[in-house]
Amino acid sequence: MKSLDELEKIRNKTLDNMSLRSKDKTMRIIVGMATCGIAAGAKPVMNSLLEELRRRNITNVSVTMTGCIGVCRLEPIVEVIDPSGLKVTYVKMTAEKAARVVAEHIVNGRICLDLTIGEAEKE
Amino acid sequence: MRDISMHMMDIIQNSITASATKIEILITANSKKDLLEIRISDNGCGMNKDFVNKVTDPFVTTRTIRKVGLGIPMFRESAIAAGGYFRINSEISEGTDILAGFKISNIDRIPLGDVAETLSEVIISRPDISYKLDLKSDKDVFEFDTEKIREVLQGVSISEIDVIGWIKENIEEGLKSTLGGVLNEIA
């Protein structure tokens with residue numbers, strides 16, 4: 001069973017590392033989590049984002065949810081906003097695509113153009 | 001919705017929209033009664049009697065951009081399709097209480113789904129809210145309370161990615177020990 005001792009160890013480790021890392025969150029990820037998003041599979045997408053960030057030990061990215069973004073037919077939708085406020089909207093996401101966005105966009109700064117709303121709307 | 005944990009996520013979003021600061025979830029499985037009950041209550045703004053009576057209608061919503069609201073009607077449909085029931089109680093400025101019953105052995109009962117995923121995602125998204133999750137079955141009971149976790153964490157945010165990881169694993173273990181074997185989708 002996961003014990004509270006283990007949680008305390010995580011706490012102490014986090015406090016130790018706190019001084020080493022910059023306090024500002026560099027990027028924000030927003031997942032559309034209204035009825036439309038959830039029904040389309042936003043929950044495993046968000047889980048995949050969190051797992052990937054945890055696996056890569058990325059602590060300065062915030063992940064939150066929002067309601068209906070307004071284009072339900074393109075859900076699950078993930079928005080990535082960089083510190084300058086530039087927003088990239090990824091559509092029709094899956095858990096696999098979400099892991100790719102973390103690796104390519106969040107870590108390496110290369111936008112996954114083929115997954116964006118602009119690309120999806122070209123068809 | 002493909003599973004119950006997706007409905008739970010949807011209902012929790014309603015609580016968040018209703019400015020709840022406390023959200024309590026209770027999952028009870030009783031194999032003798034062949035009954036799985038999901039109860040979600042919050043201390044949000046609540047709804048008036050008139051609105052509660054029509055909220056299970058898909059053409060009722062508080063949203064202004066569109067005329068449909070499918071969250072509650074779909075949860076109700078899932079419960080009733082599985083030989084269950086659905087009740088909703090709400091009191092203005094007190095909060096809302098939703099209860100959905102499912103017949104465990106019914107062929108149309110959707111699986112419980114990943115409840116640990118639902119909880120960890122809402123906690124990281126809205127760490128300011130306090131969440132309680134109680135699991136009960138003939139086998140075991142499990143309690144999860146973000147306030148107890150905060151007591152241990154002092155100075156560290158509950159939304160730290162490693163803490164969220166611990167929370168998810170903790171709830172997964174709770175689900176296994178209480179509902180494993182009681183619901184056949186959980187080993």
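1. Let me start with the sheet of chain A: it is open, has 4 strands in the order S2-S1-S3-S4, and its pairing is mixed. Helices (H or I, at least four residues) and strands (E, at least two) are DSSP runs, numbered from the N terminus, and two strands pair if DSSP finds at least two bridges between them. Strand S2 (61-66) and strand S4 (87-90) of chain A are the edge strands, each pairing on one side only. From one strand to the next, the twist averages 20 degrees.

2. A word on the model, which is predicted: local features need pLDDT of at least 70, side-chain atom pairs count only at pLDDT 80 or more, and totals for chains, interfaces and linings use all residues. Residues are numbered from 1 along each chain as its sequence is written, while chains are lettered from A and ligands numbered from 1 in the order in which they are written.

3. Still in chain A, strand S3 (residues 78-81) runs antiparallel to S4(A), and 4 bridges join them. If you want a pair to look up, Glu79(A) is opposite Thr89(A) in S4(A). Helix H3 (residues 42-55) of chain A lies across strand S1 (27-32), S2 and S3 of that chain, at about 160 degrees to S1(A). Axes here are lines fitted to C-alpha atoms, for helices over the stretch in contact, and angles run from 0 to 180 degrees between N-to-C directions.

4. For chain A as a whole, there are 5 helices and 4 strands, in the sequence pattern α-β-α-α-β-β-β-α-α. Its C-alpha atoms fill a box of roughly 50 × 35 × 20 Å along the principal axes. Of its 123 residues, 34% count as buried; a residue is buried if 20 or more other C-beta atoms lie within 10 Å of its own, exposed if 12 or fewer, and partly exposed in between, with C-beta atoms placed from the backbone. Among contacts in chain A with a separation of 6 or more, 65% come from residues 24 or more positions apart. Two residues are in contact if their C-beta atoms, placed from the backbone, lie within 7 Å.

5. Chain B has an open sheet of 6 strands, ordered S3-S4-S2-S1-S5-S6, with mixed pairing. The edges are strand S3 (85-91) and S6 of chain B, each of which pairs on one side only. On average, neighbouring strands of this sheet are turned by 5 degrees against each other, direction ignored.

6. Now for the pairings in chain B. Strand S1 (residues 22-30) and S5(B) are parallel and share 8 bridges, with Lys22(B) partnered by Ser130(B) in S5(B). Strand S2 (residues 35-42) of chain B is antiparallel to strand S4 (residues 95-103) of chain B, again over 8 bridges; there, Ser41(B) is opposite Asp97(B).

7. Leu133(B) has Phe144(B) as its bridge partner, while Lys132(B) is opposite Asp145(B).

8. Helix H3 (residues 71-81) of chain B lies across S3 and S4 of chain B, at about 145 degrees to S3(B). H6(B) lies across S1, S5 and S6 of chain B, at about 25 degrees to S5(B).

9. Helix H4 (residues 115-125) and helix H6 (residues 161-179) of chain B pack at about 150 degrees, with axes 8 Å apart. H4(B) and H6(B) are therefore roughly antiparallel, the word used for angles over 145 degrees. Residues that meet include Leu119(B) and Ile123(B) from H4(B), and Ile167(B) and Ile171(B) from H6(B). This contact is made of 9 nonpolar, 1 polar and 2 charged residues; Ala, Val, Leu, Ile, Met, Phe, Trp, Tyr, Cys and Pro count as nonpolar, Asp, Glu, Lys and Arg as charged, and the others, Gly among them, as polar.

10. Finally, the two chains meet: 27 residues of chain B contact 25 residues of chain A. On the chain B side, H6(B) gives the most, with 9 residues. That side divides into 13 nonpolar, 7 polar and 7 charged residues.

Methods: Angles under 35 degrees count as roughly parallel, over 145 as roughly antiparallel, 65 to 115 as roughly perpendicular and the rest as oblique.
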